[in-house]
Amino acid sequence: MEKDRGEADVEIPVGLVHPALLEPYRPRFFLQDEVVTDCEITLDAQHRGIERIMEGIPVDKCNIITERICGICSCVHLWNSVRVVEKGLNIEVPERAQYMRVIINELERLTSHLIFFGHALEIIGHETLAMRAFIAREPFMIMLGELSGNRVHYACPIIGGIRPRCNPTDDLCAKSLAQLQPATEYLKDYADRILQDAMVMSRIEGVGVLTKEEAIKYHAVGPTARASGVSKDWRTDIPDFKHFDWDVIVLDDGDVKTRVVQRVLECLEMLKIVEQGFKNLPKGEVRTTGWKLGKMPITTCYHEAPRGELYDSYGLDEKGNVRHYKCRTPTVTNLGAMEVACLGEHLTDAVLTLASCDPCLCCTNR
Amino acid sequence: MFKEVSRKNAVHVMLVYSGGCNGCDIEVVNCVLSPYYDIEQYKVMLTWNPREADILLVTGPVLKRIEPALKKIYESIPDPKLVAAVGSCAINGNVFFNLGGDLGPSEEVAGPLDKVLPVAAKIPGCPPRPEDIISAAASAIPILAEMEV
Amino acid sequence: MDYVNFIISTVVLTVVALFFGPVFLGIERKIQARIQQRIGPPILTPGTWSILKFWNKKPFTPNSPMPSLYHALPPVTIVVVLVILWLTSPEWWGLPLSLATLVAIVGIMKFEEVMYVVMGSLSRSILSVTMPYGDVVKGAVTKATIRRFFEGQSAVRFIKHITIASFPIYIAIFIPVVIARSIFVQDVVLYQGSFLDLHPILFTVPGFVGAIVYFVGYVAQLNDYPFTIAKAKGDLVEGAPLEYGAHARGNYYILRGVWMFVLSSLFVTLFFGIPPVVDFSSMVGVSQLVMHVLLTFMLPVLVSVLSAFGPILTFKQLYPVSFGFTAIGVFGLLLAL
């Protein structure tokens with residue numbers, strides 16, 4: 001059923017600089033009294049022309065730039081970009097490298113989801129719980145810093161394996177595994193605390209409902225779609241994740257609360273993956289050598305970024321330079337779906353609804 | 001009355017995000033919101049209102065689309081004010097300004113930040129660590145306190 | 001009447017309010033920070049030093065249709081709010097104006113609330129409509145005839161907020177009135193006995209109910225979390241005071257602090273029976289003022305604990321909360337009869 005985009009008498013433009021948006025984009029809310037009857041989001045504020053820079057650049061340099069598409073989900077961009085070459089040129093990846101890629105990626109997904117909790121709670125005005133999200137996040141940031149050398153841009157995957165500095169010693173693995181336990185306990189307590197807070201729940205329950213039909217129609221992806229009952233997770237198609245035992249979380253209600261709960265449950269799955277990764281980390285090489293860059297037809301890869309489906313495709317010419325780079329990130333469709341989900345809500349709830357798909361504009365605009 | 005001492009004891013910073021990859025942005029927010037770092041204990045408070053701000057933290061390579069808004073925000077901060085460039089993008093444009101293939105580097109970038117606004121403090125790193133951001137904010141406070149006006 | 005005493009008492013009370021108001025802002029922030037498991041700013045930083053800093057900034061003309069009126073609003077409101085404090089002090093009881101009644105005080109409180117509506121309609125911050133960004137272009141949705149600033153929306157919400165959320169505090173103010181059977185502040189205070197022989201209304205059942213309702217009304221009057229829908233940070237950034245900068249923002253901070261102090265002081269006067277007496281001639285007089293000031297710390301401390309754990313309530317939650325506490329207040333009134 002199509003929601004009615006009704007008449008409006010007042011328009012409130014929000015942005016570019018705004019506490020609820022963080023990143024510059026411009027939603028315009030059309031209101032009747034205080035109820036949003038229509039919404040239009042302008043997205044182009046951060047267009048850096050990354051795909052244009054990439055044209056004809058050596059593929060190693062290209063991977064430096066792909067990582068800087070996003071500062072929250074940098075590993076997954078780099079990994080997917082690397083996977084394109086590996087798929088196109090049939091480069092084997094050693095098993096230890098596969099494990100490390102998954103560990104770094106899942107830790108990053110954890111920090112990304114924890115930012116989402118912090119941001120959503122900041123928008124509904126609960127500063128204390130927002131700060132606790134950052135307390136819960138810090139051990140994972142430190143762990144990422146120790147494993148890869150940088151807190152945000154880990155630069156872990158390279159073509160044919162992982163960067164040698166991201167190859168942990170046994171001591172570091174044991175240390176990280178020991179750190180994981182208290183961090184997991186804190187995260188579980190924290191999630192319980194959010195879900196038991198009646199005032200927070202009254203703010204997010206039943207707000208911004210996205211039905212399954214709408215989610216499919218507007219092609220919502222990732223946690224946003226999985227909270228509306230659409231079961232799709234690209235990680236199930238990626239061979240690296242076959243080493244691990246984990247579940248795809250699908251919930252049906254599609255309101256803001258469900259999107260929060262879905263991410264909480266997903267966090268626990270990720271912790272399971274990371275724990276298995278540290279315990280079962282195989283010995284051996286972390287990169288294959290002996291492959292040569294050369295002509296590669298346009299190859300496409302999909303991956304599951306923290307916010308949903310990530311698409312990368314490019315080809316290489318004879319010198320190994322990138323041609324026709326194309327990338328599509330999850331937020332563009334998620335925000336489109338949220339534009340519909342926020343109709344009929346109070347203005348304050350509508351802003352929360354937009355934020356509840358965890359929009360990441362730096363990926364979207366590129 | 002109490003000009004210097006009051007300026008040293010209360011500083012409001014505003015964060016403007018001018019393109020770039022969000023990494024610095026999250027680290028700045030991390031400094032402010034995370035009790036682990038807690039920039040407020042150093043008498044620095046985050047605000048989103050330019051009229052309240054003293055220091056403007058700018059992350060990202062200042063894209064042409066955002067440049068007018070950034071200038072307008074800078075103008076609305078009452079004197080005395082300082083601008084701090086956070087991260088490599090704001091300092092030198094990073095990969096977006098310096099790397100380029102057949103078609104050259106990005107044409108969307110109006111920056112780096114010095115071309116647009118007078119920069120008083122530069123915080124290097126991609127992204128800078130929260131400790132660096134806190135120490136830069138702390139070192140900018142005396143400059144602010146001694147400014148005329 | 002001794003005019004010298006009258007002037008001294010008024011001036012001293014003003015100084016006390018102007019000093020402790022900003023301190024309350026700092027205390028509130030510090031307690032919240034401790035609840036948030038961090039060290040937080042020093043107590044004087046969010047209030048006193050911030051105000052002095054804003055005063056030391058260069059004045060400018062705000063984006064407003066009436067800049068001087070807009071800048072004049074906080075000082076005017078501060079004076080009006082201080083009148084409440086003066087009216088509760090014994091020196092003002094005997095004035096032939098006979099304004100020292102709780103009906104007059106409620107009227108003055110209404111004035112303070114309406115000020116925010118005026119503030120909101122006079123402010124034009126660059127954060128919303130005038131942000132230089134090409135969003136109204138060919139092909140964009142053009143539905144509404146009015147593009148409203150955040151502050152405009154804030155003014156609209158303040159009107160609703162005044163209508164809904166001020167019931168609790170008014171009901172609570174009239175519970176002591178019903179107990180003492182008089183609308184005069186003098187009678188309410190004297191009903192509770194002298195300073196050395198106090199029988200505070202707070203420790204009676206209707207008085208206690210009234211105090212709880214007063215506390216909720218107090219948070220709503222301060223527009224602090226969770227009653228902050230009129231200037232919700234999530235969508236309106238700060239609402240009406242957005243365009244205050246430099247000295248005007250300092251004044252606005254003072255207004256907030258003084259309003260916090262004055263309402264807290266009114267609570268002490270009504271529910272503890274200790275009016276703000278300025279009498280330096282005897283130990284009893286001095287200790288009465290000290291006691292009064294110490295007790296005013298109670299409400300801000302409780303507010304900061306509540307606001308650390310409260311999200312912004314939208315009107316959906318605000319109606320039941322406000323009406324629920326109004327009902328409790330009415331119950332307290334019935335008990336007091």
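1. The side chains of E55(A) and R323(A) meet in a salt bridge, with N and O 3.5 Å apart. This comes from a predicted model. The pair ties together distant parts of the chain, 268 residues apart. E55(A) sits in the loop between α1 (50-54) and α2 of chain A, while R323(A) sits in strand β8 (residues 322-328) of chain A. E55(A) counts as buried, because its relative accessibility is 17% and the cut-off for buried is under 20%. R323(A), at 22% relative accessibility, counts as partly exposed.

2. A second bridge in chain A joins the side chains of E146(A) and K175(A), at 2.9 Å from N to O. This pair also links distant parts of the chain, 29 residues apart. E146(A) belongs to helix α5 (residues 127-148) of chain A, and K175(A) belongs to helix α6 (residues 170-196) of chain A. Both ends are partly exposed: E146(A) has a relative accessible area of 31%, and K175(A) has 41%.

3. Chain A also holds a network of salt bridges. It links E106(A), R109(A), R226(A), D233(A), R235(A), E266(A) and E304(A). Side chains of opposite charge can pair when their charged atoms come close. Over all chains, a search of the whole structure finds 48 salt bridges.

4. R68(A) deserves a look. It lies in the loop between α2 (59-67) and α3 (74-89) of chain A. Is R68(A) buried or exposed? R68(A) is buried, with a relative accessible area of 12%. Its side chain makes a polar contact with the side chain of E67(A), at 3.4 Å. Leaving aside neighbours within four places in sequence, R68(A) is in contact with residues of chain A and chain B. In chain A these are R48(A), I50(A) and H153(A). In chain B they are C21(B), N94(B), V95(B), F96(B) and C126(B).

5. Next, the interface of chain B and chain C. The two chains bury about 3000 Å² between them, and 58% of that is on carbon and sulfur atoms. On the chain B side, E40(B), R51(B) and R65(B) lose the most area to chain C, together 21% of what that side buries. The contact takes 34 residues from chain B and 40 residues from chain C.

6. What polar links cross this interface? The rule finds eight salt bridges between chain B and chain C. It also finds 17 residue pairs in polar contact across the interface, both residues at pLDDT 80 or more. The elements of chain B that give two or more residues to the side touching chain C are α1 (3-9), β1 (11-17), β2 (44-47) and α3 (67-76).

7. R51(B) comes up again here. Its side chain meets that of E243(C) in a salt bridge, 2.6 Å from N to O. R51(B) is also one of the three chain B residues that lose the most area to chain C.

8. Helix α3 of chain B contains S76(B). Residue S76(B) is buried, with a relative accessible area of 6%. The side chain of S76(B) reaches the backbone oxygen of K72(B) at 2.8 Å. Leaving aside neighbours within four places in sequence, S76(B) is in contact with P50(B), R51(B) and I126(C). Its contacts therefore include a residue of chain C, where contact means heavy atoms within 4.5 Å.

9. Helix α3 of chain B also holds K71(B) and E67(B), four residues apart, about one turn of the helix. K71(B) forms a salt bridge with E67(B), and the closest N and O atoms are 3.4 Å apart. The two ends fall into separate accessibility classes. K71(B) counts as partly exposed at 35% relative accessibility, whereas E67(B) counts as buried at 19%.

10. Last, a surface feature of chain C. V4(C), I8(C) and F280(C) form a nonpolar patch on the surface. Together they have about 300 Å² of accessible area. I8(C) is found in helix α1 (residues 3-35) of chain C. How accessible is I8(C), and which class does that give? I8(C) is partly exposed, with a relative accessible area of 39%.

Definitions and conventions. Residues are numbered from 1 along each chain as its sequence is written. Chains are lettered from A and ligands numbered from 1 in the order in which they are written. This is a predicted model: local features need pLDDT of at least 70, side-chain atom pairs count only at pLDDT 80 or more; totals for chains, interfaces and linings use all residues. Side-chain values use heavy atoms; hydrogens and water are left out. Patches are made of residues with over 30% relative accessible area and no salt bridge: like charges are joined within 9 Å, nonpolar side chains (Val, Leu, Ile, Met, Phe, Trp, Tyr) within 5 Å. Accessible areas come from the Shrake-Rupley method with a 1.4 Å probe; for residues, only the protein chains shown count as cover. A salt bridge is a side-chain nitrogen of Lys or Arg within 4 Å of a carboxyl oxygen of Asp or Glu. Buried means under 20% relative accessible area, exposed over 50%, partly exposed in between (1.4 Å probe, protein chains only). Buried area is the accessible area (1.4 Å probe) that two parts lose on being put together, summed over both. A polar contact is a pair of N or O atoms within 3.5 Å; within protein, one must be able to donate a hydrogen and the other to accept it, and residues adjacent in sequence count only if both atoms are side-chain atoms.
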